[in-house]
Protein chains: 2
Amino acid sequence: MPSRILLSEANLPRQWYNLAADLPHQPLPPLGRDGKPVNPQDLAVVFPMNLIEQELSQERWIPIPEEVLEILRRYRPTPLHRAKALEAHLKTPARIYFKNESVSPTGSHKVNTAVAQAYYNKIAGVKRITSETGAGQWGCSIAFACAQFGLTCKVYMVRVSHDQKPHRKVMMRTWGAECVASPSAETAAGRAILADDPNCPGSLGIAISEAIEAAVTDPTGQTRYTLGSVLNHVLLHQTIIGLEAQEQLASISEHKVDTIIGCVGGGSNFAGLSFPFIREKIHGAQIDIIAVEPASCPTLTRGPYVYDHGDVARMTPMLPMHSLGHAFMPPSIHAGGLRYHGMAPLVSQTVMDGLTRPVAVQQLECYAAAVTFARTEGIIPAPESAHAIAVTIREAIKAREEGKERVILFNLSGHGLMDLNGYADFLDGKLENHSLSEEDLLAGLSCMDGYPKPELVGV
Amino acid sequence: MPSRILLSEANLPRQWYNLAADLPHQPLPPLGRDGKPVNPQDLAVVFPMNLIEQELSQERWIPIPEEVLEILRRYRPTPLHRAKALEAHLKTPARIYFKNESVSPTGSHKVNTAVAQAYYNKIAGVKRITSETGAGQWGCSIAFACAQFGLTCKVYMVRVSHDQKPHRKVMMRTWGAECVASPSAETAAGRAILADDPNCPGSLGIAISEAIEAAVTDPTGQTRYTLGSVLNHVLLHQTIIGLEAQEQLASISEHKVDTIIGCVGGGSNFAGLSFPFIREKIHGAQIDIIAVEPASCPTLTRGPYVYDHGDVARMTPMLPMHSLGHAFMPPSIHAGGLRYHGMAPLVSQTVMDGLTRPVAVQQLECYAAAVTFARTEGIIPAPESAHAIAVTIREAIKAREEGKERVILFNLSGHGLMDLNGYADFLDGKLENHSLSEEDLLAGLSCMDGYPKPELVGV
């Protein structure tokens with residue numbers, strides 16, 4: 001059997017899969033400041049109506065426009081790899097597969113939704129896009145996508161990542177986008193935070209506030225905001241990952257997957273791989289579906305399921321999700337893409353429904369796993385993806401100890417070539433583990449005092 | 001027609017193509033210090049005998065070992081892309097294709113030969129590998145390959161690249177290799193140069209001297225040297241690129257290629273793509289085959305065809321090739337992989353035989369082409385590959401001006417994600433063109449005074 005399973009272009013999925021259609025419980029609605037479900041029209045200053053419709057859709061299958069497919073086809077279907085060298089190294093009876101999203105032009109899965117969002121904005125007449133980025137993978141992806149559709153693009157990049165990863169900014173500029181460090185002096189939200197703390201390292205929550213503000217305050221009305229994770233339509237666009245993986249596994253007669261593993265920050269790469277398999281699970285398949293998060297930002301394992309805002313300035317509606325509190329400031333770990341206080345509502349709901357099992361891991365275990373993966377399989381993974389690899393290695397060792405053949409599939413959401421400072425620190429012994437203290441956890445949660453409780457909201 | 005043409009694993013070439021078997025003139029032999037053709041045994045302290053045999057082979061087809069194929073299959077066959085967005089941008093009737101070698105684990109074509117060389121060393125009983133690297137693409141590739149076969153690896157990296165591109169060193173370390181800046185104090189060759197100029201920026205010629213010295217002076221006799229370009233066996237291993245491209249073009253009924261374009265430093269990616277097409281040309285096909293080099297290091301366009309050493313300390317045999325002189329110090333352009341005084345003997349001979357047409361281009365045109373490529377096709381190319389893109393754009397514009405349909409194929413030898421400083425300098429307007437002065441050219445050539453002349457060497 002080959003170690004790389006390709007899928008012909010003819011088998012590229014033509015529809016996205018919408019998990020909302022199959023969940024045992026209807027997803028709860030986003031709430032406005034008045035505590036009532038938001039009206040689609042309320043969101044129209046932020047997003048174009050075609051994406052708002054997708055956000056609220058209950059349709060199971062949503063067709064992928066031909067113009068989007070044409071660009072996705074440059075790198076999709078992505079390969080599915082059998083990690084034979086890693087298996088041999090671990091002496092495990094498990095068969096380990098990974099979906100390789102690192103082959104995209106920007107090096108991560110984020111392009112999948114960036115292309116779709118740029119397309120829908122373009123056909124809605126939008127001229128200018130704003131967005132935020134953490135580690136920079138999303139900022140690069142939306143910059144790339146905007147270049148494809150002739151849209152102007154401005155990205156607010158979390159300052160700590162902006163300074164640690166200057167090359168991501170060069171990439172965005174190469175694709176023609178503008179990139180500024182957040183908090184910036186360009187928005188009221190940014191100025192308010194800088195007034196309080198001029199050295200604020202920033203957070204995704206702050207950058208989101210700035211990007212939304214920049215979109216909704218454009219007097220021409222031709223600017224809209226895009227987001228790289230969390231929202232339903234973003235997760236929807238990522239399901240092409242799991243749909244391809246299902247086809248690829250079937251093509252090699254691997255009919256039963258036991259374990260699906262993805263890292264979670266906002267939830268999009270995890271959802272992209274897992275949701276088509278969660279559908280199988282809802283229909284009776286026995287699959288352990290594991291969402292891996294950093295111990296320093298343990299949204300699913302230690303955050304409550306609440307209604308909370310997606311951003312610090314509370315510009316977004318309140319979303320039903322696991323959250324550490326919109327004012328929570330995650331520590332500056334290298335896996336910048338996992339530094340987010342909240343979690344995609346759909347992912348949160350799969351956890352509430354017992355469909356997804358969250359696990360938190362420490363930084364050192366992740367880097368050790370990443371180096372093992374690089375030396376065996378050859379690819380240097382993104383520090384975010386390394387979280388999935390760490391738990392994959394745990395599960396493969398468990399299979400060895402139990403003497404059980406098992407099929408494990410994880411998502412290699414991106415490569416780590418833009419994140420080598422973290423590897424240098426790890427190899428030099430400079431990295432440390434970090435767990436969120438009980439005190440910091442409670443302090444973060446306090447900003448949500450008095451918010452509506454999900455269990456009290458009818459649909 | 002799809003924009004990405006895949007090739008199934010079943011069609012992965014099983015043999016390399018050796019152009020030496022088809023050249024109109026027999027290649028001239030390498031010469032020892034005594035001016036006589038070297039004996040294979042003389043090379044045995046540097047290379048294992050199985051690779052020496054390949055170096056001197058006249059066999060047309062050489063089987064690729066299964067152990068090598070198994071690793072190549074992780075990323076090969078690489079995609080062939082139709083650059084439709086670039087075509088549309090240029091409004092050209094030309095059909096532009098490119099072979100995408102950037103999808104390898106290290107981001108360039110160099111892995112193709114690194115895996116083969118590590119394998120042959122391994123089965124010959126070698127335990128430890130030394131090598132040199134310029135931009136770092138080769139150093140990463142041999143580090144990756146050594147990790148696959150359990151070999152210890154030490155890389156001497158040209159100091160200017162080592163300092164400009166620290167992340168390449170982190171990659172080598174992640175794969176388990178050691179990387180030192182060259183000239184170093186660790187070898188006699190390095191110490192001699194540092195004594196003369198403590199701030200010497202280094203060159204591939206110097207780094208080669210150090211790596212060879214480190215191999216041949218190992219008292220255990222278990223160390224051998226590897227090279228990422230220039231030599232016949234290295235070029236041989238790269239021909240898998242062109243062989244795949246031929247299959248891919250045939251699969252879409254594109255039966256006639258008019259123009260083949262590759263950048264040249266030592267010559268390996270160019271040879272890899274072009275040699276199977278040069279075979280067609282020798283058999284009568286009309287193909288314009290263009291080797292693109294930097295105007296600041298114009299080996300083929302301004303260097304004579306001579307016998308010269310491959311390294312500064314004259315540790316290598318004298319090779320028949322175009323050369324600017326082994327003591328030539330190329331300026332510190334960003335395309336570090338093209339900073340080499342010599343050229344692969346086989347590539348040089350195709351130029352002498354009128355099979356290859358060399359062209360020199362300036363740095364600014366290359367970066368402008370690279371940015372155009374990134375904004376249309378999405379991939380940020382290596383500055384080396386940008387040389388091929390610059391001439392591709394020239395040829396596509398010529399086709400438009402002449403109103404001619406033409407088929408152009410170039411090699412995207414690698415991505416530029418590790419070379420973003422050059423993009424930043426270009427976008428900031430800080431880059432300048434640089435041509436080699438007549439004075440510097442003559443000064444460089446003077447080190448070869450009195451060397452044997454190729455035209456006087458019988459075979």
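Me: A polar contact is a pair of N or O atoms within 3.5 Å; within protein, one must be able to donate a hydrogen and the other to accept it, and residues adjacent in sequence count only if both atoms are side-chain atoms. How many residue pairs are in polar contact across the interface of chain B and chain A?

Reply: This is a predicted model, in which local features need pLDDT of at least 70, side-chain atom pairs count only at pLDDT 80 or more, and totals for chains, interfaces and linings use all residues. Residues are numbered from 1 along each chain as its sequence is written, chains are lettered from A and ligands numbered from 1 in the order in which they are written, and side-chain values use heavy atoms, with hydrogens and water left out. Between chain B and chain A, with both residues at pLDDT 80 or more, the number of pairs found is 26.

Me: Which elements of chain B give two or more residues to the side that touches chain A?

Reply: Helices (H or I, at least four residues) and strands (E, at least two) are DSSP runs, numbered from the N terminus. By that numbering, the elements of chain B are helix 5 (137-149), helix 7 (166-174), helix 15 (363-377) and helix 17 (420-427).

Me: What area do chain B and chain A bury between them?

Reply: Contact (heavy atoms within 4.5 Å) joins 41 residues of chain B to 41 residues of chain A. Buried area is the accessible area (1.4 Å probe) that two parts lose on being put together, summed over both. With 56% of it on carbon and sulfur atoms, the area comes to about 3600 Å².

Me: Which residue of chain A meets B:Asp428 in a salt bridge?

Reply: A salt bridge places a side-chain nitrogen of Lys or Arg within 4 Å of a carboxyl oxygen of Asp or Glu. The two chains share two salt bridges. In one of them, at 2.8 Å from N to O, the partner of B:Asp428 is A:Arg173.

Me: Where is A:Pro77 found?

Reply: Most peptide bonds are trans. The bond from A:Arg76 to A:Pro77 is cis, with omega near -10°, and the bond from B:Arg76 to B:Pro77 is also cis, with omega near -10°. A:Pro77 is in the loop between helix 2 (66-72) and strand 4 (80-82) of chain A.

Me: What is the phi of A:Arg314?

Reply: Most residues other than glycine have a negative phi. A:Arg314 sits in the loop between strand 12 (305-309) and strand 13 (318-322) of chain A. Although not a glycine, A:Arg314 has a positive phi of about 55°.
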